[in-house]
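Me: Please take a close look at one part of this model. I would like a single connected account, with the cut-offs spelled out.

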Amino acid sequence: MLVDALGSGLYLPLTLVFIHEVTGLSATSVGLGVTVAATAGLAANPLAGILVDRFGSRPVLISTYLLRALGFALYPLIGSFPALIAVGDRAYHPATATYTAAMASGADRDRLYAYVAMARNIGFGLGGLLSTAALSVIGDRGFGVLAAVNAVSFVGAAGCLALAGPRPHNDPQHTGTAPQHDGYRTVLSDRPFLSLVGAEQAFTLVHSVLPVALPVYAVVVLGAPPAVLGVLYTLNTALLVVGQLPVRRLQAGSRRTHALALGGAVFAASCGAYAAVAYLPEGGWQLTGLVAATLVHTAGELMHTTPSSALATAIAPPAVRGRYLAVYQLTWAVSAILAPAGFSALLEAAAPLLWISLALLLLIACAMMLRLSGRLPAAAVFPQPATTTALPPKRRTNDPTRDATGRRYPGRWRHRDDTRALRAHPAATAGVGYAAAGRGSVRRSSRV
């Protein structure tokens, strides 16, 4: 994920300029090409779900990397927009979500999704910095160099997966024992899941605020200097990197649906904060307001990312997990089509209209999440203790201060006599926890 995001970070911040400079197409043709490619990606998404369920997530994921590597390698040689990249991008998301799901289960899956999000944000941030540095040093020729480097990064990511190998114990497609199913009819008949997809659409739309709406709102509507966008993007990326794991730990004891509802409320608050910035005095006050609103928006992103992916994965039956996640990931494809034109139209009509519309959608999504808490499977809503494939800890029966699994008994030890007393206690010699020894003299004399 880190190698993939590092290469993509070279390209994503300058997508439209990148395509224009490399292909020589006009700005109008580039915009049309991006829209057509995003629409083509809609077809690639459900197809990827079928392929994942049929052949497993790992070969499909490697194929999406190689497809995008080919597309970027062809960039300098063609005069039209390469839809290969868009198809690879859309097929990538259900494949990577399914592959990640096969690596862990229970609460461990939430932690793994947090690590993946953190790695990708590190890669995007570093890639953006390298992209800016390369263009400032090389000039316009840097666009062709960046296309080649991005192609190499996708090949490198495919190589990492080829060396890593599959996890057949959690991915029934690799074992050939997947039960029979009715394909997408199974997904479309799952009404609670479709309700979850509907609520997720509001979240994915608000994720497009920073890359799509904020540049127009801050620079065009508010008249802020363009340099402020770099500050806001850097702040957002840095906080997403350092905050992902702490936020996941805070969410560990809560229902995933409730965590998502709280994240939606924070997102709605960020929309209100962005709307309020327009009523602040120009200059420093508005810049401070933009920073504060971006901080709230970033908090919403941190609270949404991990439970969203983990909840959708936990609901999906393993035999059709690829199809389930393909439908779930369609929300991002729809947002990629709707956000540019929709956000621009609302900002042009009346800037507060965008923020009010997003806030209302988010509040509806929060209510749906709370309602789904009782309709979705309990094991999916509240993550169970993780089932890990790691080797059990070494037994340390010769250490009287530890139990049979190697964990230290609570409390500290004062004297050697206490140690000998515990060793002689039947509970200790049987290898059970210290708490099971009761409230006898051994416990009272050995705890500080």
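Reply: The expected span of a helix is 1.5 Å times one less than its number of residues. Helices are DSSP runs of H or I, at least four residues long, numbered from the N terminus. This is a predicted model; local features need pLDDT of at least 70, side-chain atom pairs count only at pLDDT 80 or more, and totals for chains, interfaces and linings use all residues. Residues are numbered from 1 along each chain as its sequence is written, and side-chain values use heavy atoms, with hydrogens and water left out.

Start with helix α4, residues 57–74. Its 18 residues should span 26 Å at 1.5 Å a residue, and its end C-alpha atoms are 26 Å apart, so the two agree. Buried (under 20% relative accessible area, 1.4 Å probe, protein chains only) residues of α4 include R58, Y65, R68 and F72.

Now R90. It lies in helix α5, residues 83–101. R90 is buried but has no salt bridge (a side-chain nitrogen of Lys or Arg within 4 Å of a carboxyl oxygen of Asp or Glu). D89, the nearest side chain of opposite charge, is 6.9 Å away. Here Lys and Arg count as positive, Asp and Glu as negative; His and the chain ends are not counted. A polar atom of the R90 side chain lies 3.5 Å from the backbone oxygen of Q329. R90 also touches (heavy atoms within 4.5 Å) G41, L42, A44, N45, W332 and A333, among others, leaving aside residues up to four places away in sequence.

Last, confidence. The protein averages a pLDDT (the predictor's confidence in each residue, from 0 to 100) of 79.

How values were computed: Helix = DSSP H or I, 4+ residues; strand = E, 2+ residues; numbered from the N terminus. Buried < 20%, exposed > 50% of the residue type's maximum accessible area, 1.4 Å probe, protein only. Polar contact = N/O pair within 3.5 Å; in protein donor to acceptor, adjacent residues only side chain to side chain.
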